[in-house]
Amino acid sequence: MVARLFLHVGQPKSGTTALQRAFAAYSDETDAPQVYYPRAGRRERKLVAHHNLAYELHAPNQFSPSFGSWQDLADELEAQGEQAGTALLSSEAFRMFLAPVVASKIHKLFPGAEKKVILYLRPQWEYVESGYNQLIRFLKTEDHIEEFYDHTGAQITDYRAIVMAWQKAMGPENLICLPFDASVRAEGIVSHVLRKAIGLDIEMPPATQVNQKFGLRALSAVRHVRDGIRAGLDAPEAELSSRMVMQLSYLSQKWPRETRDFSFMTEELKARIYEESRDTNRWLAEQFEGFDSPAFLDPPPPGKAPVVTRFPELTDEEKADCKPFIKAAVRAGRQRMAKAPADGELPEDSPVETVTGGLIP
């Protein structure tokens, strides 16, 4: 039975996907892993994150019993015996407001285990920029980055509230809070978690596939295809699937004018976020090791990438490359609409796709 249970809760945009992919591959492909990464609760993105456990607690419409429940998790760890002596769960869908519910669940299911929560925090201006890029990629916001920060800034950069929520739920001694900065990226998130959070000096291969920044023209392509689908279906609310968004990203890589060397973050907004986060970061530096670094306490350095204020227009050739995506989505959309029940609800077998990698308060 599990003796030590680590719950990695993010934050998003802090190496979460790379960590999840690496631990899933290591645990699934190793006969006797020193860190067991349970299968129960893993779903999406090739079954590497334990999102289903979070959905069971707060999103019943997204929870799927076939991916495993909390009880399935307990049964799996018990069946593994000593092999699951140290186990790791990971999902950035374990949001701050879930802290007391999650704590109650794991205390009930694993009363004799040592239980720790791992939380990585990224410098606020970096977090806003990276998360914003993720959200506009999947069309989750139409705001410019300044507008986005005006609407949600206080929520997403209030690290003190996040830390205190997990401390209250789990006990201050059971929260491992670490900075996600340049030194972590240089070492690699997998090695850093093993060494600094779990306390093991072992080698584990990093993820073979990591998330890349979306190209600027890929972002234009996503909007072009979305608008084409809406026009073809005469459905103003129609959206792209996450799968099609990723396919458009791969398509754009062959375009000669594609670039990933850009930023939406102006120097003025960067400085503003830094100023509004100073008190929080000083508090973090007093509470946890590593937060007294320049990344959190010093003004951010000037950006090197060009700042863009609008998406570029696609060329005729690029639009032609996008046309098959529009046709396929319109055709599939018409077929779904023809099968839809009379009351307008989606059929029971309709796929539900979610994006968990954006900013999470």
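I began with contacts (heavy atoms within 4.5 Å). Among those in the chain between residues at least 6 apart in sequence, 78% join residues at least 24 apart.

Before going on, I noted what I was looking at. This is a predicted model, in which local features need pLDDT of at least 70, side-chain atom pairs count only at pLDDT 80 or more, and totals for chains, interfaces and linings use all residues. Residues are numbered from 1 along each chain as its sequence is written, and side-chain values use heavy atoms, with hydrogens and water left out.

**Whole chain**

I looked up the overall size next. The radius of gyration, taken over C-alpha atoms, is set against a globule rule of 2.2 Å times the number of residues to the power 0.38. For 361 residues a compact globule would have a value near 21 Å, and the chain's 22 Å agrees. The C-alpha trace spans about 60 × 50 × 35 Å along its principal axes.

I then checked burial. Buried means under 20% relative accessible area, exposed over 50%, and partly exposed in between, with a 1.4 Å probe and protein chains only. Of the 361 residues, 52% count as buried.

For secondary structure I used DSSP runs, numbered from the N terminus: helices are H or I of at least four residues, strands are E of at least two. The chain holds 14 helices and four strands.

**Strand E2**

I picked strand E2, residues 86-90. Five of its five residues are buried, so the rest of the structure largely encloses the strand. I checked both faces. Thr86, Leu88 and Ser90 are buried on one side, and Ala87 and Leu89 are buried on the other.

Which strand is joined to E2 by five bridges? I found E1, residues 4-8, running parallel to E2. Two strands pair if DSSP finds at least two bridges between them. One residue I traced was Leu5, whose bridge partner in E2 is Ala87.

**Helix H2**

I moved to helix H2, residues 51-58. Its buried residues are His51, Asn52, Leu53, Ala54 and Tyr55. Their cover includes helix H3 (70-80) and, once again, E2.

**Glu203**

Glu203 lies between helix H9 (189-198) and helix H10 (216-233). Is Glu203 buried or exposed? I read a relative accessible area of 76% for Glu203, which is exposed. I also compared its position with that of Lys319. Glu203 and Lys319 are 116 residues apart in sequence and 46 Å apart in space, C-alpha to C-alpha.
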